[in-house]
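The following paragraphs are intended for a reader who meets this structure for the first time. Please keep the sequence and the model in view while reading.

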Amino acid sequence: MDPLSSGAQASQRALTAKLHAHEAAVVDFKRQMNAQAPIGRIPPEVLINIIRETTGRTGTLRRVILSHVCHYWRNVMLNAPLLWDFVGPNDSIDQIAWMFDYSKEVPLHIVLPTREALDMFVLDSLAWDKI
């Protein structure tokens, strides 16, 4: 038998729903605050160029870290295929999978790290530019 009565369970569900609504409001408020900060007002094309120039071809992990600076940066970066067009020999299988998703139709530049990675690339060979 359940230790909580149906009335207590309904009350707990209602409180949980209120808690989730408050948490969502806090997230929205933080996003609004970030949008007012100077880093949240950098034009997308400028931000993309800065990130490409500062992370270079081997900056996959750096780019992933930068995509967590704020919601705006994440949206810009994840919608900028040119930031995800290079797969290096040190990229993990998970990172390689991200490249396929985020590079969209941009040709990939690939340095194959393992046989497992080659198998993954063969499955998606239409994304190849050059090996």
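Predicted model: local features only at pLDDT ≥ 70, side-chain atom pairs only at ≥ 80, totals over all residues.

**A guided reading of the model**

Pro89 is located in the loop that runs between β1 and α5. With a relative accessibility of 42%, Pro89 counts as partly exposed. Its C-alpha lies 8.3 Å from that of Ile110, although Pro89 and Ile110 are 21 residues apart in sequence. Asp91 belongs to the loop between β1 and α5 as well. Is Asp91 buried or exposed? Asp91 counts as buried, because its relative accessibility is 13% and the limit for a buried residue is under 20%.

Of the 131 residues in the chain, 28% are buried. Among the contacts between residues at least 6 apart in sequence, 42% join residues at least 24 apart.

Helix α2 covers residues 44–55 and helix α4 covers residues 71–78; the two pack at an angle of about 80°, and their axes are 10 Å apart. Helix α2 is therefore roughly perpendicular to α4, since angles from 65 to 115 degrees are placed in that class. Which residues meet where α2 and α4 come together? On the side of α2 they are Pro44, Leu47, Ile48 and Ile51, and on the side of α4 they are Tyr72, Trp73, Val76 and Met77. Sorted by class, the contact of α2 with α4 consists of 8 nonpolar residues, with no polar and no charged ones.

Helix α4 can then be examined on its own. Its buried residues include Trp73, Val76, Met77 and Leu78. The cover over the buried residues of α4 includes α2, α3 (60–66) and α5. Trp73, which lies in helix α4, counts as buried because its relative accessibility is 11%, below the limit of 20%. Apart from neighbours within four places in sequence, Trp73 is in contact with Ile39, Ile42, Leu47 and Leu66. The C-alpha atom of Trp73 is separated by 9.7 Å from that of Arg41, a residue 32 places away along the chain.

Residues up to four places away in sequence being left out, Ile51 touches Gly56, Arg63, Leu66, Met77 and Leu83.

These residues lead to the nonpolar interior. In soluble globular proteins, nonpolar side chains tend to be buried together. The largest nonpolar core here has 19 residues, of which Leu47, Ile48, Ile51, Trp73, Met77, Leu83 and Trp84 touch the most other members. Two or more residues of this core come from each of α2, α4, α5 (93–102) and β2 (108–110). Which element gives the largest share of this core? That element is α4, with 4 residues.

Trp84, one of the residues that touch the most other core members, also takes part in an aromatic pair. A pair of aromatic rings is described by the distance of the centres and the angle of the planes. The count of aromatic pairs comes to 1. The pair is formed by Trp84 and Tyr102; it is tilted, with 5.5 Å from centre to centre and 55° between the planes. Because Trp84 lies in the loop between α4 and β1 (86–87) and Tyr102 in helix α5, the pair ties together parts that are 18 residues apart in sequence. Trp84 counts as buried, at 1% relative accessibility, whereas Tyr102 is partly exposed, with a relative accessible area of 22%.

Most residues other than glycine have a negative phi. The phi of Lys104, however, is near 50°, a positive value in a residue other than glycine. With a relative accessible area of 41%, Lys104 is partly exposed.

Note on methods:
Residues numbered from 1 in each chain as written. Heavy atoms only, no water. Axes fitted to C-alpha atoms, helices over the stretch in contact; angles between N-to-C directions. Parallel < 35°, antiparallel > 145°, perpendicular 65-115°, else oblique. Contact = heavy atoms within 4.5 Å. Nonpolar A, V, L, I, M, F, W, Y, C, P; charged D, E, K, R; others polar. Core = buried A, V, L, I, M, F, W, Y, C linked by side-chain atoms within 4.5 Å. Buried < 20%, exposed > 50% of the residue type's maximum accessible area, 1.4 Å probe, protein only. Phe/Tyr/Trp six-rings, centres within 6.5 Å; stacked < 30°, edge-to-face > 60°.
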